[in-house]
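This report describes one protein chain for a reader who is new to structural analysis. Please keep the sequence and the structure in view while reading.

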Amino acid sequence: MTPRSEPTDTTDAGYVAFVAAGWSRYLWMASLITGDRHQGEELLQESLVNLYTRWKKVARDGDPHAYLRKMLVNGNVSRWRRWRREEPMAETPERHDRRSTLIEPHDSLQRAVLRLPRQQRAVIVLRYFEDLSEKDAATVLGCSVGAIKSTHSRALAKLRAESALLETRG
């Protein structure tokens, strides 16, 4: 979590500096949340456009990092809801495995996280990637600390079970 020690620059230059400093971190977070680097980039760009329209107020009165994290999570939920309303096609187009677009050293862990349900994945990303406390993660996701604890526990149990399964195969 980013501490608020001094006010954020409310000018356009302050916004540009904010984006430049956090681009790779938030792109990685968005990619983890969506499960796809390209969708993550699109989500981040949409969120940054929306943040820019509110930049002066957010930079003056709030924490732009927390605001952007919440926008990313909420934006992904909105995309997911829109996707669910789409009509299925008779034939599916040829597509590659979207999980294969994220290439990092801990590929098996990434794939396991990507297989988690949407809410569990968001909790894991906020708790471990963003290093947020349970309280801060609850604020971002708009739920209680208890919900974060139980979701976190279920997610870790799934990751442990998958890890044990991989160890027995290897």
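## Overall architecture

The protein chain has eight helices and zero strands, where helices (H or I, at least four residues) and strands (E, at least two) are DSSP runs numbered from the N terminus. Along the sequence, the pattern is therefore written α-α-α-α-α-α-α-α. The model is predicted: local features need pLDDT of at least 70 and side-chain atom pairs count only at pLDDT 80 or more, while totals for chains, interfaces and linings use all residues. Residues are numbered from 1 along each chain as its sequence is written, and side-chain values use heavy atoms, with hydrogens and water left out.

Of the 170 residues, 38% count as buried; buried means under 20% relative accessible area, exposed over 50%, and partly exposed in between, using a 1.4 Å probe and protein chains only. Contact means heavy atoms within 4.5 Å. Among contacts between residues at least 6 apart in sequence, 67% join residues at least 24 apart.

## The pairing of α1 and α2

Helix α1 covers residues 12–34, and helix α2 covers residues 37–53. The two pack at an angle of about 145 degrees, with their axes 8 Å apart. Here axes are lines fitted to C-alpha atoms, for helices over the stretch in contact, and angles run from 0 to 180 degrees between N-to-C directions. Residues of α1, including Phe18, Trp23 and Leu27, meet residues of α2, among them Leu44, Leu48 and Tyr52. The residues of this contact divide into 13 nonpolar, five polar and three charged. In this count, Ala, Val, Leu, Ile, Met, Phe, Trp, Tyr, Cys and Pro are nonpolar, Asp, Glu, Lys and Arg are charged, and the others, Gly among them, are polar.

Ser47 also lies in helix α2. At 4% relative accessibility, Ser47 counts as buried. Leaving aside residues up to four places away in sequence, Ser47 touches Leu68, Met71 and Leu72.

## Helix α6

Helix α6 (residues 118–129) has 12 residues. From its first C-alpha to its last, α6 reaches 15 Å, close to the 16 Å expected at 1.5 Å a residue; the expected span is 1.5 Å times one less than the number of residues. Within α6, Gln120, Arg121, Ala122, Val123, Ile124, Val125, Leu126 and Arg127 are buried. Just after this helix, Asp131 takes a positive phi of about 60 degrees.

## Salt bridges

A salt bridge is a side-chain nitrogen of Lys or Arg within 4 Å of a carboxyl oxygen of Asp or Glu. By this rule the count comes to five. One of them joins Arg25 and Glu130, whose closest N and O atoms are 2.7 Å apart. Because Arg25 lies in α1 and Glu130 in the loop between α6 and α7 (134–141), the pair ties together parts that are 105 residues apart in sequence. Arg25 is partly exposed at 31% relative accessibility, whereas Glu130 is buried at 1%. Arg25, Arg69 and Glu130 are linked in a network of salt bridges.

In another pair, Glu162 and Arg115 have their closest N and O atoms 2.0 Å apart. Glu162 belongs to helix α8 (residues 145–169) and Arg115 to the loop between α5 (107–114) and α6, so this bridge links distant parts of the chain, 47 residues apart. Arg115 is partly exposed, at 43% relative accessibility. Asp61 also forms a salt bridge with Arg60, at 3.3 Å between the closest N and O atoms. Asp61 counts as partly exposed at 49%, and Arg60 is exposed at 52%.
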